[in-house]
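Here is a short briefing to read with the structure open on your screen. Take it one topic at a time and find each element as you go.

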Amino acid sequence: MSKARILVTGGAGFIGTAILSELTRYGYDLYVLDNFSFGKRSYLTLPEDHIIEADIRDREAVAEAVASVSPHHIIHLAAIHFIPYCNEHPFESSDINISGTMAVLDAAKLAPELRSVFFASTAAVYPIFDGPLAETHTPHPLDIYGLSKLAGERLCHAFYLETGIPTIVCRFFNAFGPMETNPHLIPVIHQQLLEKGPQIQLGNLDTLRDFIHVSDMGRAVRMLLEKFSSGYDTFNLGSGVEYSGREIVAAFEKSLGQKIEVEQDPKRMRPSDRKHLLADVSKLRAYIDWKPEVGITEGIATLYQGEKV
Ligand SMILES: NC(=O)c1ccc[n+]([C@@H]2O[C@H](COP(=O)([O-])OP(=O)(O)OC[C@H]3O[C@@H](n4cnc5c(N)ncnc54)[C@H](O)[C@@H]3O)[C@@H](O)[C@H]2O)c1
């Protein structure tokens, strides 16, 4: 039997690439819609006629793409997501993350064979909290990015109520791995080590984040998609383990077998940084037979293997 057709918006980005590589291994018929603003066409290994260059805010183009692919599943990842960029470009970010999501969902309403929609939300919908965050925790985003993603979640819920099409909201925590497109902590350390050697400059090293390797993320997304067949639900997707900036530097040291000297750079400190951001992943782990397989040190080693640029 031929495998389902899946349209991935934002599939040329960091997480999209990992999800596509997982789904390719499982023989799915894959299509990507991306405007290549952050993602790269060269990351894609699909045939040209499976790649649609379009902006998700272009309602006509999105409707045309969905009509021509007639997907069984839509994985909606396209978004502006680097928080400092979103803070500097709040109108552009909310336009893409909210109006763009509306355009994708509107097009999805007319897809006759659609079996589910998957929406990439974020841990940034949660308030400041010092313990593990479960899906039942009341959202309280701190910035325009989290706010725009929470709006996306609500739009997905309205979409589900209107259409009855199964809809999964997945709150991603901090992904790391090869081909990261945005200057988060791990790619910044990696880049500085490549360019300047073992003396690097970083911001706050005491904040803790739940880092999950993109390959573990890709596997969980595929498993969720394969299992979820009715209703609307929300799942956290993280590793369930927090690491401080210092621990990340130590993992680089271990992976490289080399001492790294860190100078703290006040310019790199984010003003309203939350100290913790940790996922409670018990709901996801009870739903699918999944657990993260790539630890932080071996995950950092994957940055140095076969990176495409
Ligand atoms: N990376 C993380 O740690 C993380 C954490 C939480 C949530 N997320 C969410 O996961 C998704 C993927 O994130 P990522 O890290 O791969 O980011 P990314 O920037 O690498 O990928 C986003 C993709 O969307 C595309 N895109 C952006 N604007 C577009 C538009 N207007 N029209 C069409 N395509 C557009 C970009 O070109 C890129 O390929 C996003 O929705 C993001 O908010 C990521």
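The notes below cover the sheet, the helices lying across it and the surroundings of the ligand.

Please keep in mind that this is a predicted model. An open sheet of seven strands runs through the description, and 29 residues surround the ligand.

**The sheet**
- Reading across the sheet, the strand order is β3-β2-β1-β4-β5-β7-β11, and the pairing is parallel.
- β3 (51-53) and β11 (232-237) stand at the edges with a single partner strand each, so one side of each has no neighbour in the sheet.
- On average, neighbouring strands of this sheet are turned by 15 degrees against each other, direction ignored.
- For a closer look at one pair, follow β5 and β7 (residues 167-172), which are joined in the parallel sense over six bridges.
- Within that pairing, Ser 121 has Arg 171 in β7 as its bridge partner.

**Helices across the sheet**
- α4 lies across β1 (5-9), β4 (73-76) and β5, and runs at about 180 degrees to β4.
- Helix α5 (residues 144-163) lies across β5, β7 and β11, at about 160 degrees to β5.

**Around the ligand**
- The residues that come nearest to the ligand are Gly 10, Gly 13, Gly 39, Ala 79 and His 81.
- Two or more residues of the shell come from each of α1 (14-25), α4 (90-109), β5 (116-122) and β8 (174-176).
- α1 gives the largest share, with three residues.
- Sorted by class, the shell holds 14 nonpolar, twelve polar and three charged residues.

Conventions:
Residues are numbered from 1 along each chain as its sequence is written. This is a predicted model: local features need pLDDT of at least 70, side-chain atom pairs count only at pLDDT 80 or more; totals for chains, interfaces and linings use all residues. A residue is near a molecule or strand if its C-beta atom, placed from the backbone, lies within 6 Å of it. Helices (H or I, at least four residues) and strands (E, at least two) are DSSP runs, numbered from the N terminus. Ala, Val, Leu, Ile, Met, Phe, Trp, Tyr, Cys and Pro count as nonpolar, Asp, Glu, Lys and Arg as charged, and the others, Gly among them, as polar. Two strands pair if DSSP finds at least two bridges between them. Axes are lines fitted to C-alpha atoms, for helices over the stretch in contact, and angles run from 0 to 180 degrees between N-to-C directions. Two residues are in contact if their C-beta atoms, placed from the backbone, lie within 7 Å.
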